[in-house]
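Colleague: I would like to go through some labels on this model. Please set each value against its cut-off.

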Amino acid sequence: ANEFLWFCKLSYAWEEVDWLRQKLAASTSSSTALQARHRMLTAAAQLQALLGTQHLGRVHYEPIKDRDGNVLLVTVKAVDAPSTWAGGRWMPIARFQSHRKSLSTPEQPTALDILLITLQVCARWHRQPMPPHCASLRACT
């Protein structure tokens, strides 16, 4: 839970990923938490390089977990116009959902299937205006 909250805070400072990764790599601590954070920073840096952008969006308030213990940390970012990058292209969520066929059963969906089911909910949640009290809560953390 603490690592997820740390990752949520990181989404307000994507431009610091490389710097934080260097600092953690130089750390002599063998803390499991620091190792997990370093892996998350490495994954974020790889995604930034692949997409050609530092800002990966805001972290969705709830990670997606499946029966096998897989966990997806979802970030949501609005894209004005579809664009391309070296390895692929952006596409509307509805089109992505219609192209992806589930390989799991409804009783035991994989993390990817759960993501596909909840993509619209994630996008809607991030589009709605934040209630006024959220800003004060965010400032206290």
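Colleague: What makes Glu3 and Arg37 a salt bridge?

Modeller: Their side chains meet at 2.6 Å, N to O. A salt bridge needs a side-chain nitrogen of Lys or Arg within 4 Å of a carboxyl oxygen of Asp or Glu, so the pair qualifies. This is a predicted model: local features need pLDDT of at least 70, side-chain atom pairs count only at pLDDT 80 or more, and totals for chains, interfaces and linings use all residues. Side-chain values use heavy atoms, without hydrogens and water, and residues are numbered from 1 along each chain as its sequence is written.

Colleague: Which parts of the chain does the pair link?

Modeller: Distant ones: Glu3 lies in helix 1 and Arg37 in helix 3, 34 residues apart. Helices are DSSP runs (H or I, at least four residues), numbered from the N terminus.

Colleague: Why is helix 1 called oblique to helix 3?

Modeller: Their axes, lines fitted to C-alpha atoms over the stretch in contact, cross at roughly 40°. Under 35 degrees is roughly parallel, over 145 roughly antiparallel, 65 to 115 roughly perpendicular, and the rest oblique. Therefore helix 1 is oblique to helix 3.

Colleague: Why is Arg37 called partly exposed?

Modeller: Its relative accessible area is 22%. Buried means under 20%, exposed over 50%, partly exposed in between (1.4 Å probe, protein chains only). So Arg37 is partly exposed.

Colleague: How do you know that Arg67 and Asp68 form a salt bridge?

Modeller: Their closest N and O atoms are 3.9 Å apart. Arg67 is partly exposed at 43% relative accessibility, whereas Asp68 counts as exposed at 53%.

Methods
Axes fitted to C-alpha atoms, helices over the stretch in contact; angles between N-to-C directions. Helix = DSSP H or I, 4+ residues; strand = E, 2+ residues; numbered from the N terminus.
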